[in-house]
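This report goes through the structure shown below, beginning with a single residue and moving on to whole chains.

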Amino acid sequence: MSNIISYDERIKNFDWSISEKELDYQPGNVINIGWYCSDRICKLGKADKMALIWEGSQGQEKRYTYNELRLTSNGVGHFLRGLGIQPEDRVCLFMDKIPELYIGFLGVLKIGAIVQPLFSAFGDESLIVRLENAQTTAVITQRKHAPKLRKILDKMPYIKHIIIVDADPAKPLGDREVAFDMDHAFKPEDFEIHPTKAESPSVLHYTSGTTGQPKGVKHVHYSLISQYLTSKWVLDLLDTDIYWCTADPGWVTGTSYGIIGAFSNGVTQCVLDAGFSADNWYRFIEKHKITMWYSAPTAIRSLMKAGDEVIKKYDLSSLRHLASVGEPLNSEAVIWSEKVYGKAFLDTYWQTETGSIMITNFPGMKIKPGSMGKPFPGITATVIDADTFEPFDGPGKIGLIAIKPGWPSMMRTYWRNEETYNKKFKNGWYLPGDRSSIDNEGYFWFVGRDDDVINTGGHLVSPFEVESALLEHPAVAESAVVAKPDFVNMEVVKAFVTLKPGFVGSKDLDLEIMNFVRKKLSPLAMPQEIEFIDNLPKTRSGKIMRRILHAKEWGEEIGDTSTLEND
Amino acid sequence: MEDMKETVREYVVREYVEDDSEITFDTPLISGGIVDSFSMVSLKRFLENKYKISIPDDKATPEAFDSVNKICALVVEFTK
């Protein structure tokens, strides 16, 4: 029997107070995610239960019980307060998937500061725009990533502290740097946790749009109510589970379900901080007897590519429940997973702004491979006409996914960008920017994005950001960036480039430009293919027509070209 | 072969290593998190340009790119 018991029964009588009651929370009370994920679990009698089992790329291992999670995150909070960090200051976590990232997350929340997680592969330009927008006060990082920060520190006067969790005592620290060894720092038994309330800000995740700079998605401590219950009912977390969420907490899945959902449910979770290889992943599942596995279509398709033979080398019989997030999970992957693991990966749909799972396949529900599933209880979701913003009156029509605002983990705004936030709502609906249809049984079927944002490996990349970075290369005159289909990552970045006089397209220039963007933005944003062309398609007013290039890549009809400059 | 290994090692250090970590010919690059799957594309492109070869996508696996030694073995395999 799964935690949700019956989807049909749950939707009849649902109220978010179900989650509030399970968490002993009453409206108006203090609610602090850091406390709920550590101190509360200890109070429930699970202080000695294993909370986090971490394995590094060289096979090294670290383990933390819930009591150690509580004490070590207390130590983080104590240290940050000592530096003068105030409630609602932004503290960036810029680390690989090491224990300090998970524990630091809770420690920052415990003092009422706002966690700003940033993907550790970000390049200097990506860092600058996000730290600048958030006016970040402190960055917690590793010494391997410190050089990137040193390079840009002069441009960021608001950063007061760079906290290095693994500083080399033999080497001097740089400007504004301070060493902090979480494991060996003072860990207060009694720590005064900041009395955050439901609407106190908690996490600031950055996400990309078609135009403009990345947007800081502001979440609040009340998001816990959604994250706890969706973890329990969709991921079906049980007290006995050994849970593995493969997402990096630099992105929202890694925090909502890799930290908050897991720890607030008091499960044991495993983290593998190593690059992908099918052998290593299966070895990890076998070694730790993983029972619940939450991963991404890109990883699943990479495992498909690695073949079925490698699976036979490992005992994966511990797996009891699998789920997927990031981009739509194709039906082939669902069917394949059922064949080789004996369990189908259940697709879950949500995004940074929603903070928790919105539309999903549930344990025990009839699965239609390739479908997104149905809305979580308490979530009113539909598909609306893109012109009238009214819901369709029958099934099967393709329109915009629309969700009625009001669930606990909904973003509260875009940081310092209320105007863009307001544009996300039409006719009383929140629009995630995706298109789908609904069938006659209420299942949602994903169609695609409603904008030019590229979803590569489950991460959104802004064509605008990549085009801007390309223009900074001395050889590039103009650029247009679109998604290109890819078996593993669903989409990858493709750039069309015109060159300045004196430059000639070549394989070496192609590689040079790829690396230029990779270092400036991130490996995700690096064009996987660059096509040098003489002219970009433009409207008569000079606007680049990305859709024509996109259609070419996807083998689609080009459509109306009446406004094309060279027509 | 030794020259090739040194050339590839130097390229990996220059392009993908952010700190002063030592990279040997056997250091795990992909499983060690030094080169991610997206960056592997640029590493493959470098090898193809430098050694005038074409590596089929199905041979450019994380396992085949996991160390300088393995990468050089792959380059040799596709060098006419």
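## A buried asparagine

In this predicted model, A:Asn133 has a relative accessible area of 19%, so A:Asn133 counts as buried, the cut-off being under 20%. The residue belongs to helix α7 of chain A, which covers residues 124-134.

Which residues does A:Asn133 touch, leaving aside those up to four places away in sequence? They are A:Tyr206, A:Gly216, A:Trp415 and A:Arg416.

## A buried serine

A:Ser437 is found in strand β22 of chain A, a strand made of residues 434-438. Is A:Ser437 buried or exposed? Its relative accessibility is 13%, and because buried means under 20%, A:Ser437 counts as buried.

With residues up to four places away in sequence left out, A:Ser437 touches A:Val383, A:Gly396, A:Lys397, A:Ile398, A:Tyr443, A:Phe444, A:Trp445 and A:Val447. A:Gly45 is 392 residues from A:Ser437 in sequence, and the C-alpha atoms of A:Ser437 and A:Gly45 are 46 Å apart in space.

## Domains of chain A

The domain assignment divides chain A into domain 1, residues 7-436, and domain 2, residues 454-554. Between the C-alpha centres of domain 1 and domain 2 of chain A there are 30 Å.

How many residues of domain 1 of chain A are in contact with domain 2 of chain A? There are 26 residues on the side of domain 1, and they are in contact with 22 residues of domain 2.

## Chain A as a whole

Chain A holds 17 helices and 28 strands. The globule rule gives 24 Å for 567 residues, and the radius of gyration of chain A is 23 Å, close to that value, so chain A is as compact as a globular protein of that length. Along the principal axes, the C-alpha atoms of chain A fill a box of roughly 70 × 60 × 50 Å.

Of the 567 residues in chain A, 62% are buried. When contacts in chain A are counted between residues at least 6 apart in sequence, 69% of them join residues at least 24 apart. Chain A exposes about 21,400 Å², and 50% of this comes from carbon and sulfur atoms. The side chains of chain A include 64 positive and 74 negative ones, with the centres of the two sets 2 Å apart.

## Chain B as a whole

What kinds of element does chain B have? Chain B has three helices and zero strands, and from the N terminus on its elements run α-α-α. A compact globule of 80 residues would have a radius of gyration near 12 Å, and the 11 Å of chain B agrees with this. The box filled by the C-alpha atoms of chain B is roughly 35 × 25 × 20 Å along the principal axes.

Buried residues account for 49% of the 80 residues in chain B. Among the contacts in chain B with a separation of 6 or more, 54% are between residues 24 or more positions apart. The accessible surface of chain B is about 4,000 Å², and carbon and sulfur atoms hold 50% of it.

Note on methods. Residues are numbered from 1 along each chain as its sequence is written. Chains are lettered from A and ligands numbered from 1 in the order in which they are written. Side-chain values use heavy atoms; hydrogens and water are left out. Helices (H or I, at least four residues) and strands (E, at least two) are DSSP runs, numbered from the N terminus. The radius of gyration is taken over C-alpha atoms; the globule rule is 2.2 Å times the number of residues to the power 0.38. Buried means under 20% relative accessible area, exposed over 50%, partly exposed in between (1.4 Å probe, protein chains only). Contact means heavy atoms within 4.5 Å. Accessible areas come from the Shrake-Rupley method with a 1.4 Å probe; for residues, only the protein chains shown count as cover. Lys and Arg count as positive and Asp and Glu as negative; His and the chain ends are not counted. The place of a charge is taken as NZ of Lys, CZ of Arg, CG of Asp or CD of Glu. Domain bounds come from an automatic or database domain assignment.
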